[in-house]
Amino acid sequence: MTAAALRFRPRWWAALLAAAGCGAGVLLGNWQGGRAEEKRAAAAAEKRITLRGTLLPAHTVFLDNKVHRGRAGYHVVQPLRLADGRHVLVNRGWAASDPRRERLPQVKTPAGEVTLEGVRLARFPRALDAGPRPPGPVWQNLEFDEFAAWSGLPLAPYALEQHSALEDGLVREWPRADAAVDKHRSYALQWYSLAALCVILFIVLGFRRDAPASD
């Protein structure tokens, strides 16, 4: 009896599964790598600025569903009137929400001119929007054009994430722009490893022995 020969004869369904798994791993790895690059670029592009003006509490907006250390709350946004008559939206910090949703946080706003330092923002991060914005000061997302139409104020095309301290009770523990870069890289490596594993398993399991031939 002749020994059975070992040949590479993968099954068609194994090829499809390997291709699907490898493709998904590469795509997801590329996506995670792209997220890491985006956050690194955002951190490199951060620009710290100092502004002086008067905060306008009458046009306060509370950005909803902002969680700090496991507790629900809001980001408090107010316009800062500059000397040239323009207004810059300032994300002043986080305030906890009341168990009764109709009660909004009491925000302390300093009177007169203040000097604020922080990071310049090209836009506010967007959250999942459940539908049209309801009336009132509680918003899910904030766009410059929408705020200008709502308030009637001329806006500068940027916002300020306030980092300087004020005695207002607001929390300003902002996440770094490059936060979780290493996590995204780790996820990317895991997805690429999955893609490589699919290829290896396809090759190893694709070898089958021929039926032994009788002498």
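Begin by selecting Arg-185 and Asp-182, which both lie in helix α3, 3 residues apart, or about one turn of the helix. Helices here are DSSP runs of H or I with at least four residues, strands are runs of E with at least two, and both are numbered from the N terminus. This is a predicted model, in which local features need pLDDT of at least 70 and side-chain atom pairs count only at pLDDT 80 or more, while totals for chains, interfaces and linings use all residues. Residues are numbered from 1 along each chain as its sequence is written, and side-chain values use heavy atoms, with hydrogens and water left out.

Stay with this pair and display the side chains: Arg-185 and Asp-182 meet in a salt bridge, at 3.7 Å from N to O. The term stands for a side-chain nitrogen of Lys or Arg within 4 Å of a carboxyl oxygen of Asp or Glu. Side chains of opposite charge can pair when their charged atoms come close. Colouring by accessibility, you will find Arg-185 partly exposed, with a relative accessible area of 43%, whereas Asp-182 counts as exposed at 59%; buried means under 20% relative accessible area, exposed over 50%, and partly exposed in between, with a 1.4 Å probe and protein chains only.

Next, select Ile-203, which also belongs to helix α3, spanning residues 181–205. Ile-203 is partly exposed, its relative accessible area being 40%.

Now turn to Arg-69 and Glu-173, which form a salt bridge whose closest N and O atoms are 3.1 Å apart. This pair links distant parts of the chain, 104 residues apart, with Arg-69 in the loop between β3 (61–68) and β4 (71–81) and Glu-173 in the loop between β8 (155–162) and α3. Arg-69 counts as exposed at 70% relative accessibility, and Glu-173 as partly exposed at 49%.

From there, move to Arg-86 and Asp-84, whose side chains meet in a salt bridge of 3.0 Å, N to O. Here Arg-86 counts as partly exposed, at 34% relative accessibility, while Asp-84 is exposed, with a relative accessible area of 51%.

For the last stop, select Arg-92, Asp-168 and Arg-172 together, as these residues are linked in a network of salt bridges. How many salt bridges does the rule give? The count comes to 7.
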